[in-house]
Amino acid sequence: MRTVIGLSCRVRSFMRQFLRLTLALLALGAVDNVLAAQGPDCSRAMTLALHDHGLLYSAETDAGIDKDFAAELIKRSGCKVTVTLLPRARIWQLIESGALDFSLSGISNEAREKFAGFAWYFSNKYYLLVRKDAQVQQLADFENNPALQLGIIRSFRYSPNANHLVDRLSAERRVSYASRLEPLYEVLEMNRIQGMIIEPFDYSQVESGAIRQLTRIIDTGDAPTPHGLIMSKKSIPEAEQAKWRALVETMRADGTVLRIFEKYFPAELARTMVDF
């Protein structure tokens, strides 16, 4: 009789332990399911395009801020994302059509808000790089001299004062377009254009060679402009966009974005760009 009672107690003890273990495993599974639900939907392969632009990404060196940012974002998402290199104008077309899911370092305007969502991760100012012999001290000097030509990258938009200059000169047929920076530097040296809009990512090229001797930098008077992850509204639902924004915010909050920028800029300048 004692043997039967002892066996019964051991069975009940085993069952209680088994039940606790089962509940713990179920709870752990529930947590994993919640965490999975909070992360982006990785049920399909996704696409992201970089563009060749100074320190953001250089096709020549296959390195840059946006490449580093993309690698970390993709790792944290757990999704399969194919990364390609495309001209900026083509990127915006594909984002609008839904044929491209993501790009990086994009700025918003009223037209883009209709087809793209954004997750901001840095902010910077735009400047006018102008030939010294153009005798320009401020944006108005450039705008009011009909002999001066401006060079910009096709499809690029900037900060308000810079955009005003671009739009005014475009209407007067005083703008030359290129798909990337290098051809603009070449025609600037040849004096076929006398100015171009630049940002901090372009400093390394400006500070080297003949460009530095030929030019000066003019402040546009604009406040810094937020730049971020671009998400196609046609291919990524709003609920999913929120998940990608949360990933970007986590990268900002834990210092990852700052560390990426400090690889390419002095620490003080890097901090001013990512703390906004």
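Are F122 and F261 buried or exposed?

Reply: The model is predicted, and every value below is computed from it. F122 is buried, and F261 is buried as well.

A word on how such pairs are described. Two aromatic rings are placed relative to each other by the distance of their centres and the angle of their planes. The structure has 14 aromatic pairs. Y121 and F122 are both buried. F122 also pairs with F261, and this pair is tilted: the centres are 5.3 Å apart and the planes are at 50°. F122 belongs to strand 4 (residues 116–124) and F261 to helix 11 (residues 256–262), so their pair ties together parts that lie 139 residues apart in sequence.

The two pairs belong to a wider group. Ring pairs join F69, Y121, F122, F201, F261 and F265 into a cluster. One member, F69, is in helix 2, where the buried residues are I65, D66, D68, F69, A70, E72, L73, I74 and S77. The length of helix 2 can be checked. Helix 2 (residues 65–77) has 13 residues, and at 1.5 Å a residue it should span 18 Å; its end C-alpha atoms are 18 Å apart, so the two values agree. After helix 2 comes G78, with a positive phi near 80°.

Rings also take part in contacts with charged side chains. R112 has its charged end over the ring of W92, at 3.9 Å from the ring centre. R252 lies over the face of F276, with 4.2 Å to the centre of that ring.

Next, the empty spaces. A probe the size of a water molecule, rolled over the atoms, shows where space is left empty. There are 2 cavities of 30 Å³ or more in the structure. The largest cavity holds about 110 Å³ of space. Its lining has 15 residues, and R88, S105, Y126, F156 and R157 are nearest the centre. Helix 3 (88–97) and strand 3 (102–106) each give at least two residues to this lining. By class, the lining of the largest cavity is made of 5 nonpolar, 6 polar and 4 charged residues.

The second largest cavity has a volume of about 50 Å³. Of the 14 residues that line this second cavity, H53, F156, Y158, L181 and I197 lie nearest its centre. Strand 6 (150–153), helix 7 and strand 8 (195–198) each contribute two or more residues to that lining. The lining of the second largest cavity counts 10 nonpolar, 2 polar and 2 charged residues.

Helix 7 (residues 181–189) has L181, L184, Y185, V187 and L188 buried. N191 follows helix 7 and has a positive phi, near 70°.

Key:
Residues are numbered from 1 along each chain as its sequence is written. Side-chain values use heavy atoms; hydrogens and water are left out. Rings of Phe, Tyr and Trp (its six-membered ring) pair if their centres lie within 6.5 Å; planes under 30 degrees apart count as stacked, over 60 as edge-to-face and the rest as tilted. Buried means under 20% relative accessible area, exposed over 50%, partly exposed in between (1.4 Å probe, protein chains only). Helices (H or I, at least four residues) and strands (E, at least two) are DSSP runs, numbered from the N terminus. A charge sits over a ring if NZ of Lys or CZ of Arg is within 6 Å of the ring centre and within 35 degrees of the ring normal. The expected span of a helix is 1.5 Å times one less than its number of residues. On a 1 Å grid over the protein atoms alone, a cavity is a set of points where a 1.4 Å probe fits but cannot get out, and a pocket is an open set with protein on both sides within 12 Å along at least five of seven lines; lining residues have an atom within 4 Å of a point. Grid points are joined across faces, edges and corners, and a volume is the space filled by probe spheres set on the points. Ala, Val, Leu, Ile, Met, Phe, Trp, Tyr, Cys and Pro count as nonpolar, Asp, Glu, Lys and Arg as charged, and the others, Gly among them, as polar.
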